[in-house]
Amino acid sequence: MAGGGLEAVFMQNRAALLRFLRARGAGDAAEDLLQELWLRSSAGASGPIADPLPYLYRAANNLMLDRRRGELRRERRDQDWTEATAGPVLGVADEPTSEQILIARERLAATEEALKALGERTEFVFRRFRVEGAGQRQIADELGISLSAVEKHLQKAYRALVELRRRFDAE
């Protein structure tokens, strides 16, 4: 069958070929693969094709496999690159500088001071929720307050910390 006949078979079976690609795991790439198959089939085969429909299914499957192999190679290459560059960089210390340590300690002290200024209960609620990982309902039960009150304490703490962060960023 000549190239024109192959195109006709393609057009008659386009929906079935698309379902075939999607069923084989092509997903969102199925339309792209089908377009590539159309381009190849419209370019014409090198000779007559006895069974054009099985030929198209085989070509669609091969295109899908080629794309998957390419994706795997790309992922492997990216992984190899990440592993090769993730090690220590010569001339660059992994440890923070003494200046960075001093700044971090000052900011921690300022954060603790800001939380203490909010009051004992707000500080307790914030620490239990954010540091210790206790649930809001559990905190409310421990303190004998409503869930809404816990939320308000957390909002108060968050507002104070956002303001503190703005001060840090301005420095």
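Me: Arg67: buried, partly exposed or exposed?
Reply: Arg67 is partly exposed, at a relative accessible area of 28%. Buried means under 20% relative accessible area, exposed over 50%, and partly exposed lies in between (1.4 Å probe, protein chains only).

Me: What sort of model is this, and how are residues numbered?
Reply: The model is predicted, so local features need pLDDT of at least 70 and side-chain atom pairs count only at pLDDT 80 or more, while totals for chains, interfaces and linings use all residues. Residues are numbered from 1 along each chain as its sequence is written, and side-chain values use heavy atoms, with hydrogens and water left out.

Me: Which side chain meets Arg67 in a salt bridge?
Reply: Asp32, with an N to O distance of 4.0 Å. The pair links distant parts of the chain: Asp32 is in helix H3 (residues 30–43) and Arg67 in helix H4 (residues 52–85), 35 residues apart. Helices here are DSSP runs (H or I, at least four residues), numbered from the N terminus. Asp32 is partly exposed as well, with a relative accessible area of 45%.

Me: What's the salt-bridge rule, and how many are there?
Reply: A side-chain nitrogen of Lys or Arg has to be within 4 Å of a carboxyl oxygen of Asp or Glu. The count by this rule is twelve.

Me: What about Glu36 and Arg40?
Reply: Their side chains form a salt bridge, 3.1 Å from N to O. Glu36 and Arg40 are four residues apart in helix H3, so about one helical turn separates them. Relative accessible area is 26% for Glu36 and 49% for Arg40.

Me: And how far apart are the closest N and O atoms of Arg128 and Glu132?
Reply: 2.6 Å, in another salt bridge. Arg128 is buried, at 13% relative accessible area, whereas Glu132 is exposed, at 52%.

Me: Which residues do shared partners join into one network?
Reply: Asp32, Glu36, Arg40 and Arg67 are joined by salt bridges that share partners.

Me: Switching to packing. How do H2 and H3 cross?
Reply: The axes of H2 (residues 14–23) and H3 come within 9 Å and cross at roughly 130°. The axes are lines fitted to C-alpha atoms over the stretch in contact, and angles run from 0 to 180 degrees between N-to-C directions.

Me: Which residues make the contact?
Reply: On H2, Arg14, Leu17, Leu18, Leu21 and Arg22; on H3, Ala30, Glu31, Leu33, Leu34 and Leu37. Contact means heavy atoms within 4.5 Å.

Technical notes: Helix = DSSP H or I, 4+ residues; strand = E, 2+ residues; numbered from the N terminus.
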